[in-house]
Amino acid sequence: MATKQQRLCVNQADGEAGYARNSAVQSVTQNWMKPAIEEAVIGLLNSKSTDVPNSMVIADLGCSAGPNALALVSTAVDAVLHHHHAAKHDQGALEVRVLLNDLPDNDFNDVAKRLVSFQQSAQSPGLLLTAGIVPGSFYKRLFPSNFLDLVVSSNSLHWISEVPEELKSNMIHLYDEDEGLRRERRPLVIQAYREQFRKDLTLFLKLRAQELVPGGRMVVSMLGTRDYLCITPWDIAVIPLNDMASRGLISREMLDSFYVPMYGPSDSELREIIQDEGSFVINEIWVHKLEKTLFPPNAMARFMRAVYEPMMVQHFGLSSDAMDEFVTTLEQQLTPGSPYHDYHVGDRVFVSASLTRRF
Ligand SMILES: C[S@@+](CC[C@H](N)C(=O)[O-])C[C@H]1O[C@@H](n2cnc3c(N)ncnc32)[C@H](O)[C@@H]1O
């Protein structure tokens, strides 16, 4: 019997629980990428021939919907305009094409409307700005060969292509109720995820290397962990669910078969995978720590709902009231004084990389 495909997308609704209103954390992490995107654009413009017209193709992979969907491409287009005008004002028309990608379930209607307003607001003499939407998995080919100049991606590459099969087939749960068993199995769980992430990222790099022009640039950022802590992205979702299972609000059996297809690497893991794959020169890899004070427990819990709700509703069949209970439980667990407080947000980091496709 074919297994049902896991629903991978964020909450589409533009209402209270939607991603559009609960993505401030990601927006902060996108701001951290600005200097690297600007640097990449300047590098590209300086390396382009002076032939008229100049052109640049920019793609955001895993754009989602809401205000964040266009934030990275808009940083890139601003930088193109600023530096093109400064350096090559007499070189004729500039053609920029922005392409936005996500999985087919994404709210592309929202993205399309935002793209049109973006094109209008970015209008500038001598600029032809065209746009396109590219649905599909970034673990497959999305663009023609030697086509892209710049790839950007924020908060998406920690979504792996699938849950490690050996965990499911050996019935190794993400979170055992029994603490002894949980401690004993955690290294196995983490190792299985680590290997899946390595496989996926290696494939991602190979595909993008085919689609980028030689010397093309890539700036990506994702949820990560510190080497010594191995806090995983799923802890924050599964610990409140465990509490709900203990109170009989969801079935323990269903929780045992719930797996989240996400893995956050450390910066050294990221570096090693990129080096081993070999298609890219690493310009920089950096780590940002998320300041707890920026995100009070309630905001963090609502943001987790926006990210996990589709997956949880599909798996547990949770009602909107049950999702409210998830938010309340998580909020309590994130509050200082709770035994889970540090475990949840203690050292949550984002790892980023600026890369150049080898010639
Ligand atoms: C948390 S959102 C990040 C959105 C936005 N880039 C931001 O920083 O706010 C992660 C997005 O990655 C998308 N995603 C996950 N796996 C993907 C894949 N294999 N291919 C394309 N998009 C994917 C999800 O659908 C989701 O919209």
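F138, Y139 and F204 make up one aromatic cluster. The model is predicted, so local features need pLDDT of at least 70 and side-chain atom pairs count only at pLDDT 80 or more, while totals for chains, interfaces and linings use all residues. Residues are numbered from 1 along each chain as its sequence is written, and side-chain values use heavy atoms, with hydrogens and water left out.

The structure holds seven aromatic pairs (rings of Phe, Tyr and Trp, the last by its six-membered ring, with centres within 6.5 Å; planes under 30 degrees apart are stacked, over 60 edge-to-face, the rest tilted). The ring centres of F138 and Y139 are 4.9 Å apart and the planes stand at 80°, so this pair is edge-to-face. F138 and Y139 are both buried (under 20% relative accessible area, with a 1.4 Å probe and protein chains only). At F204, the charged end of R208 sits over the ring, 4.9 Å from its centre (CZ of Arg, or NZ of Lys, within 6 Å of the centre and within 35 degrees of the ring normal).

Another pair is that of Y193 and W234: with centres 4.2 Å apart and planes at 35°, it is tilted. Y193 belongs to helix α5 (residues 179–211) and W234 to the loop between β5 (212–224) and α6 (235–246), so the pair ties together parts 41 residues apart in sequence (helices are DSSP runs of H or I, at least four residues, and strands of E, at least two, numbered from the N terminus). Y193 is buried at 0% relative accessibility, and W234 is buried at 1%.

Methods. Buried < 20%, exposed > 50% of the residue type's maximum accessible area, 1.4 Å probe, protein only.
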